[in-house]
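Reader: I have a new model open on my screen and would enjoy walking through it with you. Shall we take it piece by piece?

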Amino acid sequence: MIDRRNLGNPLRWYLAAVLLGMVLNLLVGDQVLKFHYSRLVQLLPALGLLAWCFRPQPPAFFREPVISGWYGLGLVGFALTALVGGFLGPIPWISLAFLGLALLQFGLLPLLRPAWQRHGPDTLRVLALFALAVLGIDVGIWLAVTIQGQTPYAYTYWLTPQSSLDHVPYLHLNVRWANQLPVLLIWSFVPLLQQLQQGEIRRLRWFWWPVCAAIPLLGMAQILFSNGDGAFLAAAAATALMALLGWRGDGAQRRLWWSATVAMLAAVLVAGFGDWLLDGSRFFVGGLVERNVSELSEGLEREGMRLGVWRQHLRAALGSPLWGGGIQALPPERTLCTPHNLWVGLLHWTGLLGTGCALLLAGAFVPRRWSQLARLSRAAPLLAALFVYQLVDDIWLRPFALAVLLVVLPGLLAGVPEPPPQTSQPLQPGWLKRLAFPAVTYRFLTLLGVLLVVVSFVLPEGVQIGPSPLVQQRGAECLLFF
């Protein structure tokens with residue numbers, strides 16, 4: 001039975017809306033329309049959260065800071081830098097939409113922190129169920145399509161006897177987009193495991209233990225079945241961190257981290273055995289080492305490989321090193337739509353100033369001490385996986401990944417306690433207190449982000465239902481967020 005106090009948890013309904021949108025998105029076959037509906041799956045529930053923020057608020061909402069001034073400085077500085085770089089770049093109105101999306105995402109995060117603080121245990125359980133559903137759908141479709149001899153993550157269609165189009169359902173437009181959700185969701189089993197071990201879950205334990213075991217298995221199966229090298233590297237780094245936390249911890253913490261490590265290793269073994277049965281272990285035997293050695297040895301010479309793309313974007317960034325060339329600008333000699341690296345992308349799109357402000361934003365999610373990291377079961381593996389994965393892929397540009405990030409990032413904010421005043425005083429000078437905004441200011445910034453997206457959408461050279469002609473490469477469409 002659901003605790004009535006948790007019925008008011010907005011994150012519960014947000015995740016339900018996102019999951020419903022993903023399921024309905026399976027009915028769409030055409031890739032451009034699917035891409036458009038994927039954007040709506042991220043934007044519409046986010047607007048629902050923004051509407052929730054306009055409910056009657058206590059007086060503290062309008063005057064008391066909700067987060068450090070460093071975060072406010074990072075968001076305002078990033079917005080101003082992106083505005084300048086975008087309008088000096090080649091596609092200013094699409095850059096404006098990306099700026100609006102950044103304000104929508106990062107403006108909402110501090111506003112959702114109270115929901116995590118009040119409904120944290122419930123949100124973690126709902127997030128685990130969401131992970132089970134999304135990963136289960138993806139792996140299930142992959143198995144069904146592969147067994148039938150068809151290609152997963154491909155738009156395969158045919159004419160029905162009634163002369164209408166039918167298609168094989170698929171959740172993601174390509175393998176890389178699919179890999180991003182296990183990177184974000186697989187770690188939801190860790191706080192669920194903690195609740196089970198500590199007795200916080202007393203009812204239906206027979207239900208929650210299989211959920212806890214299935215999440216890492218499905219996540220690793222998705223990664224191995226789809227040859228997700230970057231996702232596997234991120235999962236390996238996070239698992240190594242959990243093992244280290246277990247080795248350095250004691251008591252309940254050691255038991256938690258070592259149990260989670262064993263669960264991940266068991267998931268790799270079981271998923272690897274399944275991959276061997278279905279595909280001859282193509283992930284391990286067929287080229288994990290070879291693919292990455294080829295990237296390192298030939299990446300600078302061969303077109304379309306990451307090292308060469310990084311070099312192209314970094315060289316283009318030298319043309320405008322301070323504020324970049326616009327969030328969505330692509331180098332003229334581009335071979336891929338994006339650099340597949342967060343920091344290279346930020347340097348190219350927003351320059352040194354924007355990257356520095358992004359670091360200030362990221363600092364809000366990172367514990368300041370090892371002891372804090374060890375206590376935060378929902379933070380440690382996710383932070384490690386995000387750090388590693390962002391070096392090889394662009395998780396910040398994909399609708400479904402952004403929809404999940406909007407939930408998990410404020411969870412990290414809620415779990416990282418602010419330092420006491422005597423500790424934070426040297427780190428936050430007096431002038432910075434003006435940027436320690438109250439919640440009402442972040443609500444305004446979020447609303448401003450929505451306005452920028454709308455302005456871009458109504459202008460001819462702004463965002464469109466499908467990919468804009470301004471973000472095409474060599475005649476191929478770049479399915480970026482805008």
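Reader: Does Phe62 count as buried, partly exposed or exposed?

Author: Happy to start there, with the note that this is a predicted model. The relative accessibility of Phe62 is 45%. Buried would need a value under 20% and exposed one over 50%, so Phe62 counts as partly exposed.

Reader: Which geometry does the aromatic pair of Phe61 and Phe62 have?

Author: The whole structure holds 11 aromatic pairs. In the pair of Phe61 and Phe62, the centres are 5.3 Å apart and the planes make an angle of 75°. Phe61 is buried at a relative accessible area of 10%. Planes over 60 degrees apart count as edge-to-face, so the pair of Phe61 and Phe62 is edge-to-face.

Reader: Which residues do ring pairs link into a cluster?

Author: One member comes from helix α4, where Tyr71 is among the buried residues. The cluster that ring pairs build consists of Tyr71, Phe437 and Tyr442.

Reader: Which helices do the buried residues of α4 pack against?

Author: The buried residues of α4 include Gly69, Gly72, Gly74, Leu75, Gly77 and Phe78. Further along, Ala79, Thr81, Ala82, Gly85 and Gly86 are also among them. Their packing partners are α5 (92-147), α13 (342-363) and α18 (439-458).

Reader: Which residue caps the N-terminal end of α4?

Author: Look for a side-chain oxygen 3.1 Å from the backbone nitrogen of Trp70. That oxygen belongs to the capping residue, Ser68.

Reader: On to another helix. Which backbone oxygen lies 2.8 Å from a polar atom of the side chain of Thr261?

Author: Thr261 lies in helix α10, a helix of 29 residues (251-279). Thr261 is buried, with a relative accessible area of 9%. Among the other buried residues of α10 are Leu256, Trp257, Ala260 and Met264. The backbone oxygen in question is that of Trp257.

Reader: And which residues is Thr261 in contact with, leaving aside its neighbours within four places in sequence?

Author: A contact here needs heavy atoms within 4.5 Å. With those sequence neighbours set aside, the partners of Thr261 are Thr239, Met242 and Ala243.

Reader: Which ring does the charged end of Arg254 sit over?

Author: There are two arrangements to look at here. The charged end of Lys34 is placed over the ring of Tyr170, 4.3 Å from its centre. For Arg254, the distance from the ring centre is 5.3 Å, and the ring belongs to Trp258.

Reader: Is Asn227, with its positive phi, buried or exposed?

Author: Most residues other than glycine have a negative phi. Asn227 has a positive one, near 55°, and lies in the loop between α8 (205-225) and α9 (229-248). Its relative accessibility is 18%. Since the cut-off is under 20%, Asn227 counts as buried.

Reader: What is the phi of His340 near?

Author: His340 is found in the loop between α12 (306-317) and α13. At 4% relative accessibility, His340 counts as buried. The phi of His340 is positive, near 60°.

Reader: How many residues apart along the chain are Val18 and Phe400?

Author: Val18 belongs to helix α1 (residues 10-25) and is buried, with a relative accessible area of 1%. Not counting residues up to four places away in sequence, Val18 touches Val41, Pro45, Phe130 and Ala403. The C-alpha atoms of Val18 and Phe400 are 8.4 Å apart, while along the chain the separation is 382 residues.

Reader: How many disulfides does the count come to?

Author: Two cysteines are worth a look: Cys53 is buried at a relative accessible area of 2%, and Cys357 is buried at 12%. A disulfide needs a pair of cysteine sulfur atoms within 2.5 Å. By that rule, the number of disulfides is zero.

Reader: To finish, what share of the residues in the protein is buried?

Author: The protein has 18 helices and four strands. Of the contacts with a separation of 6 or more, 78% come from residues 24 or more positions apart. Among the 482 residues, the buried share is 56%.

Methods:
Residues are numbered from 1 along each chain as its sequence is written. This is a predicted model: local features need pLDDT of at least 70, side-chain atom pairs count only at pLDDT 80 or more; totals for chains, interfaces and linings use all residues. Side-chain values use heavy atoms; hydrogens and water are left out. Buried means under 20% relative accessible area, exposed over 50%, partly exposed in between (1.4 Å probe, protein chains only). Helices (H or I, at least four residues) and strands (E, at least two) are DSSP runs, numbered from the N terminus. A polar contact is a pair of N or O atoms within 3.5 Å; within protein, one must be able to donate a hydrogen and the other to accept it, and residues adjacent in sequence count only if both atoms are side-chain atoms. Rings of Phe, Tyr and Trp (its six-membered ring) pair if their centres lie within 6.5 Å; planes under 30 degrees apart count as stacked, over 60 as edge-to-face and the rest as tilted. A charge sits over a ring if NZ of Lys or CZ of Arg is within 6 Å of the ring centre and within 35 degrees of the ring normal. The expected span of a helix is 1.5 Å times one less than its number of residues.
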